[in-house]
Amino acid sequence: MTEDQHFTGSQPQDGLDGEGRTRNEEGSRTISRRALIAGLGAGGMLAAGSLYLGSVYGTSVTESVYGSEGECCGMKLMGHFRAGVEIGSAEQILEFAEADGCRITGYRWTGTLPHTTVSGSPSGDGGIGEGAWAAVYERGVGEALGDSGIYEYARVKPVPPAGQIANESEVIIPYRGALYCLFKGSYSLADQSYICVVRPTGDNELKVVSQIELGVGADARAMTIHNDDLFVFTGGKIKVYRIIDASLQFKLEYTRKYSGFVQSCRIINGRLYACNWGAGKIDRYDLVNGVPSRETQFSAGAAGNASIVSYGSVHYLITHTDTNNVTRLDIDQNGDVFARGVYSFPGVVKPRYAAIYNGIMTLGGYSTLYAKTVALDISSGTPVKIGEYLNMATHVRVGDYLIGTSYDQTSPLYSAYYHKLVKVSVKDGSIEVLSDRALLYPLLYRSTVFGFLLGRDGKHPSGHAADSQLGQEIVCYSTSAIPKGIDLPLDTDAYAHQDGIRYTGVKNMAAGGVIARFQSFSPARLGWLRLDVSYTIVDTQNVPGQTVTAQRVYTAFKASNGSWTMTLPRVDVAQAGALAVSFDFVVSGPDAYVSCSGALTNALVTLSLDYHLTDNNMGSFYLV
């Protein structure tokens, strides 16, 4: 797992102010959730409740729909159904989630008041009907995280290498419009480690666009990205891949000087730092054009070194031990590492990762007994404990809430939350279950949370006992009350040259006929091509009146021998219409062209080809 410094910084996340309210696009003023809902009117409030499924994780679902006091239109939400709630008026609402987690219903009490609940469900507390509980509203949540204010955009499950026993999720990194996800395989070394690249489509769906196998027994756990180079640790090696338009091109393999498996890695000031779990050290690599060099090892921490998190120029090493598990680090201008103090905090047991928000570090552990998530004030550089909450080994903080998977089994109360996704208030420690299905290694970028869903496939007969608990699906959620689309970092275009051609006219074509072709200026000029094909076809003769409109994106690579390779599958951005004829980009050896899949007679064709090249001397498209 990597601790990516780009997304766990101390500043409030974009789209949220420090009090969990949304900012408008210009950022000139804040708008509270209550004011936003009130501005929509009663109809808008009901639509918001049914469509958006809650609030931003800087407020509770109560504030989202009912305002900061939990009231709207004469109703007051009292939270989820549970025993011991005192109902004093018919306007008080309790919500009940069905066992499958796919529907939430709000109930009000129509019987004699006051009434104190004795059960965790309406059927066990007087029943549903006249003089008992009456349904007020119902919200379908599908596979979203229940009553959480999180809206699920999409999920995707990659197809593992043939013969794989199980997936074990390790790292997820949003970068240049894609997600780079590392899977180690199961605990059995007979499995492949692999990287899959996932992209959102135009409909906020996720699609696996490429996959790289790292080899049987690679035991890959650590991965990071810097300047379009992807670094992944595989045993005693570091594999480096070049990223071009979400495709991974192998660059080199570096043999490490120091042994010990690496749990996580990250970039600090342009250098690669690796937490050497096995040796109990920190390994540093200078990077020259993406090539690791000047490998140096520093004594800090102990066996079990897991991750490094940063607050400005001060860094903290997290070590997977019972005590002495937080080490303050200073890194000088030469990249040398100095340990400035080792700390222990009651409740922190076997931590691996931490989150930092506005000068507060929250740190959970992998012990399931008598461990806590501890809040540390690090604003002075020296960590000071200021609070503790339900133990969550990995989590993110948004506003006044910690979102993560419960790891506590110390009591019947806490064991009921074990391996469930929960929302914990940092103000009062209150716990709300969001989903029975845990989210592993959650990562927040702007208003989107990325992570891995806990596996539900069961384990292979020859697998490790824990294989059934491994993350197997990649998922992303919105933390915005009005989902605006999946947030991903989009840096400057990696391509050096772009151009396009247009065609509008009546066309006669045979099936397989070519309408445009790429002319190579120099067969030896290698490089990447990204092609956006947009077209509308109106068939006026073969099937009069039938049309099709579509947009498709292709990525291809031309090697120095002049041969083309389609490096990514076609991405369908949009398509409408019943006509079963399409324009497709085809590569075959040195030939690259756009062809028609079926015959056209007197068809009105509008075609746009927008293409991007890494080198403008590669060539250009022309109409045939």
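Which residue in β17 stands opposite Thr-234? Lys-237 does.

## Basis

This is a predicted model, where local features need pLDDT of at least 70, side-chain atom pairs count only at pLDDT 80 or more, and totals for chains, interfaces and linings use all residues. Residues are numbered from 1 along each chain as its sequence is written, and side-chain values use heavy atoms, with hydrogens and water left out.

## The four-strand sheet

Strands β15-β16-β17-β18 form an open sheet in that order, with antiparallel pairing. β15 (223-226) and β18 (247-255) are the edge strands; each has a single partner strand, so one side of each lacks a neighbour in the sheet. From one strand to the next, the twist averages 25°. Such angles run from 0 to 180 degrees between N-to-C directions, with axes as lines fitted to C-alpha atoms.

Six bridges join β16 (residues 229-234) to β17 (residues 237-244) in the antiparallel sense. Pairing requires at least two DSSP bridges between two strands. Strands are DSSP runs (E, at least two residues), numbered from the N terminus.

## Cysteines

The whole structure holds zero disulfides (cysteine sulfur pairs within 2.5 Å). The sulfur of Cys-196 has its closest cysteine sulfur in Cys-181, at 4.6 Å, which is too far for a bond.

Cys-196 is buried, at 0% relative accessibility. Cys-476 is buried too, with a relative accessible area of 0%. Buried means under 20% relative accessible area, exposed over 50%, partly exposed in between (1.4 Å probe, protein chains only).

## Asn-602

Asn-602 lies in strand β45 (residues 600-613). Asn-602 is partly exposed, at 33% relative accessibility.

Val-506 is 96 residues away along the chain, yet the C-alpha atoms of Asn-602 and Val-506 are 5.5 Å apart. Leaving out residues up to four places away in sequence, Asn-602 touches Val-506, Lys-507, Asn-508, Thr-540 and Gln-541 (heavy atoms within 4.5 Å).
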